[in-house]
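Visitor: I am new to this structure. Could you show me how to read it, feature by feature?

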Amino acid sequence: QLVLVESGGGLVQAGGSLRLSCTASESIFEIQAMGWYRQAPGKQRELVATITYGGTTNYADSVKGRFTISRDNAKNTEYLQMNSLKPEDTAVYYCYAAPYGLGHPLEYWGQGTQVTVSS
């Protein structure tokens with residue numbers, strides 16, 4: 001059972017930056033896809049960014065140019081660098097791992113970390 005633990009959330013002013021980390025309990029070297037989702041109060045969970053085994057990235061339109069996803073297989077950790085934060089980025093951010101790729105039923109989620117952006 002893969003366990004994912006997020007960290008790095010907090011309160012930041014609009015225009016500021018945060019870096020989220022997601023550390024896995026096991027090697028992530030062979031995990032086909034990892035990513036970040038977020039859920040704001042009263043809204044559905046939405047995709048923020050994904051990164052594949054080969055390093056291909058994908059971003060929601062709302063964060064393109066501001067957020068960067070990366071993974072460090074040696075540290076069993078993926079990251080989400082968030083710059084130019086806006087109040088609408090306020091949400092609980094969840095780390096996600098799909099060992100056999102996106103769309104496969106086997107998936108793992110972290111417990112979430114709160115990001116609050118004040119105006």
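Visitor: Let us begin with strand E4. Is strand E4 mostly covered or mostly open?

Guide: This is a predicted model, so keep that in mind throughout. Strand E4 spans residues 33–39. It is mostly covered, with six of its seven residues buried.

Visitor: Which strands pair with E4, and in what sense?

Guide: Take each partner in turn. E4 pairs with strand E5, residues 46–52, in the antiparallel sense over six bridges. E4 also pairs with E9, again antiparallel, over seven bridges.

Visitor: Which residue in E5 is the bridge partner of Met 34?

Guide: Ile 51 is the partner of Met 34 in E5. For the pairing with E9, look at Gln 39, whose bridge partner there is Val 92.

Visitor: How many residues lie between E4 and E5 in their hairpin?

Guide: Six residues lie between E4 and E5. Look at Gly 42 in the turn: its phi is positive, about 75 degrees.

Visitor: What is a disulfide?

Guide: It is a covalent bond between the sulfur atoms of two cysteines. By the rule used here, the count is one disulfide. That disulfide joins Cys 22 to Cys 95, with an S to S distance of 1.9 Å. The link of Cys 22 and Cys 95 is left-handed, with -75 degrees about the S-S bond. Cys 22 lies in strand E3 and Cys 95 in strand E9 (residues 91–98), so the pair ties together parts 73 residues apart in sequence.

Visitor: Are Cys 22 and Cys 95 buried or exposed?

Guide: Cys 22 is buried, and Cys 95 is buried too.

Visitor: In the largest nonpolar core, which residues touch the most other members?

Guide: That core has 30 residues. Leu 4, Trp 36, Val 48, Phe 67, Leu 80, Met 82 and Tyr 93 touch the most other members. E3, E4, E5, strand E7 (67–72), strand E8 (77–82), E9 and strand E11 (113–118) each supply at least two residues of this core.

Visitor: How many aromatic pairs are there?

Guide: The count comes to four aromatic pairs. Ring pairs link Tyr 37, Tyr 96 and Trp 109 into a cluster.

Visitor: Where does Arg 45 lie?

Guide: Arg 45 lies over the face of Tyr 94, at 3.9 Å from the ring centre. Arg 45 also lies over the face of Trp 109, at 4.7 Å from the ring centre.

How values were computed:
Residues numbered from 1 in each chain as written. Predicted model: local features only at pLDDT ≥ 70, side-chain atom pairs only at ≥ 80, totals over all residues. Heavy atoms only, no water. Phe/Tyr/Trp six-rings, centres within 6.5 Å; stacked < 30°, edge-to-face > 60°. Lys NZ or Arg CZ within 6 Å of the ring centre and 35° of its normal. Disulfide = S-S within 2.5 Å. Helix = DSSP H or I, 4+ residues; strand = E, 2+ residues; numbered from the N terminus. Buried < 20%, exposed > 50% of the residue type's maximum accessible area, 1.4 Å probe, protein only. Pairing = 2+ DSSP bridges. Core = buried A, V, L, I, M, F, W, Y, C linked by side-chain atoms within 4.5 Å.
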